[in-house]
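Keep the structure in view while reading.

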Amino acid sequence: MTEKEKKGIRARTRASEAAYLGMMLAFALILGYAESLIPLVFAVPGMKLGLPNLAVLLLLFRSGPKEAFLVNVLRIMLSGFLFGSLSSILYSLAGGVLSFSVMLLGKKTGRFGVCGISIAGGVMHNVGQLAIAAVVVESGGLFYYLPPLLAAGAVTGLLNGIVAEQIQKRVQGHLPEK
């Protein structure tokens, strides 16, 4: 194989990876928009299902941490500009970065599966958002919401983890691996 042919293969591989990441970003944005349409009337203010985290989980296990982090941050920024506000970006980034850091740590230990990592991510996303909210409004009283947010993060994290596991099983061999 000539050097020119090798460069062509590398270029196609990079292009297919970029296309895959773009599709996963679009998937996360669509899930985020769909999530915004679901009314959670019984919930604590700010409580969400965390559906966009499915894309992040799949990327973390399929492509790697850099790709998952990139899509996570881009999704937060784009969602904020498209459907939210500057403050929603701030809260989501705080939750997203803390959540991702804990998920990455959990994955690196090798002690947790997709569901365990998803639960940790759901819980820590709520902790990160609540912490930044307490700083912004200068009130520790917001931590009154912590118990229901921890429970919600655990439940939604478990459900998202189950869905992510099922998606991984069904698309095995159909997605590019790193």
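A residue is called buried under 20% relative accessible area, exposed over 50%, and partly exposed in between. At 40% relative accessibility, Tyr33 therefore counts as partly exposed. The model is a predicted one.

**Aromatic pairs**

- A pair of aromatic rings is described by the distance of the centres and the angle of the planes.
- The count of aromatic pairs in this model comes to three.
- One of them is formed by Tyr33 and Phe83, with 5.2 Å centre to centre and 40 degrees between the planes, and is tilted.
- Tyr33 belongs to helix α1 (residues 3–36) and Phe83 to helix α3 (residues 65–83), so this pair ties together parts that are 50 residues apart in sequence.
- Phe83 has a relative accessible area of 44%, so Phe83 is partly exposed.
- Tyr144 and Tyr145 form an edge-to-face pair, with 6.0 Å between centres and 70 degrees between planes.
- Tyr144 is exposed at 67% relative accessibility, whereas Tyr145 is partly exposed at 29%.

**Charge over a ring**

- Lys107 lies over the face of Phe61, at 5.3 Å from the ring centre.

**Helix α2**

- Is helix α2 (residues 53–62) largely enclosed or open?
- Nine of its 10 residues are buried, so helix α2 is largely enclosed by the rest of the structure.
- The buried residues of α2 include Asn53, Leu54, Ala55 and Arg62.
- Also buried in α2 are Val56, Leu57, Leu58, Leu59 and Leu60.
- Gly64 follows α2 and has a positive phi, near 130 degrees.

Definitions and conventions: Residues are numbered from 1 along each chain as its sequence is written. This is a predicted model: local features need pLDDT of at least 70, side-chain atom pairs count only at pLDDT 80 or more; totals for chains, interfaces and linings use all residues. Side-chain values use heavy atoms; hydrogens and water are left out. Rings of Phe, Tyr and Trp (its six-membered ring) pair if their centres lie within 6.5 Å; planes under 30 degrees apart count as stacked, over 60 as edge-to-face and the rest as tilted. Helices (H or I, at least four residues) and strands (E, at least two) are DSSP runs, numbered from the N terminus. Buried means under 20% relative accessible area, exposed over 50%, partly exposed in between (1.4 Å probe, protein chains only). A charge sits over a ring if NZ of Lys or CZ of Arg is within 6 Å of the ring centre and within 35 degrees of the ring normal.
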